[in-house]
Amino acid sequence: MLSSIIKIIFSISIILSVIYFTWGNLFALFSGYLTEDRSVFSIGRDQFCISHINTPANLRGKKLVILRLDDVQAYAWRDISMRMIQDAYRFNAPIVAWVIPKNLGEDLTIIKFLKREHCNMEIAMHGWDHSGTGVNNLQIYYKTEFWDVNYKEARNRIHMGKEILEPLSGKPIISFIPPFNIVSTEAVKAAKDEWIEVISSIGTGVHDYHSTTYNFDKKRIVPVTEVLNSCENAFIKNGLCVIMMHPQDYANSDKTLDENAYRDYYLAMLESLAKDENVVFVTFENLIENRVYGS
Ligand SMILES: [Zn+2]
């Protein structure tokens, strides 16, 4: 009698466990967001990101390249951004996707993509709403989202952004780029208090960008040789080249992909960089994890 009661209890607990984990996986697969209680769904989340990138453990002495893809957002140039991220896998390159958090939830395609591919890239924060586009007559940006923002407002914006992005990446967001690369002193402090470890902006800091695929002053795409030359200078200086890219660099005026520009500039750049066996594509997270240029 006692043994059959034990058998029944055992069977019920097995059935309940199966229901619990199956539901967790299904929920993680079909929902746009994970819930705050990540422990319940952690199995589902990890299962559904298939890794395509193999970053070497030892980065010392390598020519490190960070591909910084700005302006990843709901709808605008979204298909180009997704293609750039996926095509980079062939070159063992994890892209650092700089995502604009506001309104991201309206576009389920980008939400599902980032969630499914989070283990092949770094999801980073590109401001909160990318508002403010003032350009003065010297062509210098001002009144951008973070240019003179106070501590409280900056912290609020960064915090809201983290709440949207962290459930997609399943881990803390540690990298931040202010829109137009401009950030106030108070916003830097706010970012640090929100556990941001890397701020990549304009300037000469090690995490700032060293090379760009588009020249906004001259309004022209930058030839691959120029991108590579800027990187060679950066390698000599600090062993790291951060390349700033935008999906719109390879877009037609109607926001569709310009296949020729994409092949001749983007894919050609990746191919040239990957040919150098000392080049390793990394993310800012990799640098922090490996204690290379820790801030
Ligand atoms: Zn931007």
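Asparagine 181 is partly exposed, because 18 other C-beta atoms lie within 10 Å. It sits in the loop between strand 6 and helix 6. Its phi is positive, about 65 degrees, although asparagine 181 is not a glycine. Most residues other than glycine have a negative phi. The model in view is predicted.

The general rule is simple: an α-helix has 3.6 residues a turn, so residues three or four places apart point the same way.

Is tryptophan 77 buried or exposed? It counts as buried, because it has 20 C-beta neighbours inside 10 Å, and 20 or more is the cut-off for that class. Asparagine 181, with 18, is partly exposed.

Helix 3 spans residues 78-87, and its buried residues are Ile80, Ser81, Met84 and Ile85. Seen down the axis, these fall within an arc of 135 degrees, so they line one face of helix 3. Several elements pack against that buried set. Two of them are helices: helix 4 (108-117) and helix 8 (259-275). Strand 1 (63-72), strand 2 (95-99) and strand 3 (121-125) also pack there.

Together with helix 3 they make a right-handed β-α-β unit. The two strands pair in the parallel sense over three bridges. In that pairing, arginine 68 has valine 96 of strand 2 as its bridge partner.

Six bridges join it to strand 11, residues 240-245, and the two run parallel. Leucine 69 is bridged to methionine 245 in strand 11. Strand 1 also pairs in the parallel sense with strand 12, residues 279-281, over three bridges. There valine 65 stands opposite phenylalanine 281. How enclosed is strand 1, and why? Nine of its ten residues are buried, so strand 1 is largely enclosed by the rest of the structure.

Now turn to the nonpolar core. In soluble globular proteins, nonpolar side chains tend to be buried together. The largest nonpolar core in this model has 68 residues. Which of them have the most contacts inside it? They are Leu67, Ala97, Ala124 and Ile243. Take isoleucine 243 as a worked case. Leaving aside neighbours within four places in sequence, its contacts include Val65, Ile66, Leu67 and Arg68. Tyr209, Ser211, Thr212 and Thr213 are also among them, as are Val227 and Cys231.

Another tryptophan deserves a stop. Tryptophan 128 lies in the loop between strand 3 and strand 4 (134-135). It is buried, because 24 other C-beta atoms lie within 10 Å. Which residues does tryptophan 128 touch, not counting those up to four places away in sequence? They are Pro101, Lys102, Glu145, Arg157, Met160 and Gly161. Methionine 160 is 32 residues away along the chain, yet the C-alpha atoms of the pair are separated by 7.4 Å.

Step back to the whole chain. It has nine helices and twelve strands. Of its 295 residues, 37% are buried. Among contacts between residues at least 6 apart in sequence, 71% join residues at least 24 apart.

Last comes confidence. The chain averages a pLDDT of 86, and 84% of the residues score at least 70.

Methods:
Residues numbered from 1 in each chain as written. Predicted model: local features only at pLDDT ≥ 70, side-chain atom pairs only at ≥ 80, totals over all residues. pLDDT = per-residue confidence, 0-100. Buried ≥ 20, exposed ≤ 12 C-beta atoms within 10 Å, placed from the backbone. Helix = DSSP H or I, 4+ residues; strand = E, 2+ residues; numbered from the N terminus. Arc of directions from axis to C-beta. Contact = placed C-beta atoms within 7 Å. Core = buried A, V, L, I, M, F, W, Y, C linked by C-beta atoms within 7 Å. Pairing = 2+ DSSP bridges. Right-handed = clockwise from strand over helix to strand, strands pointing away.
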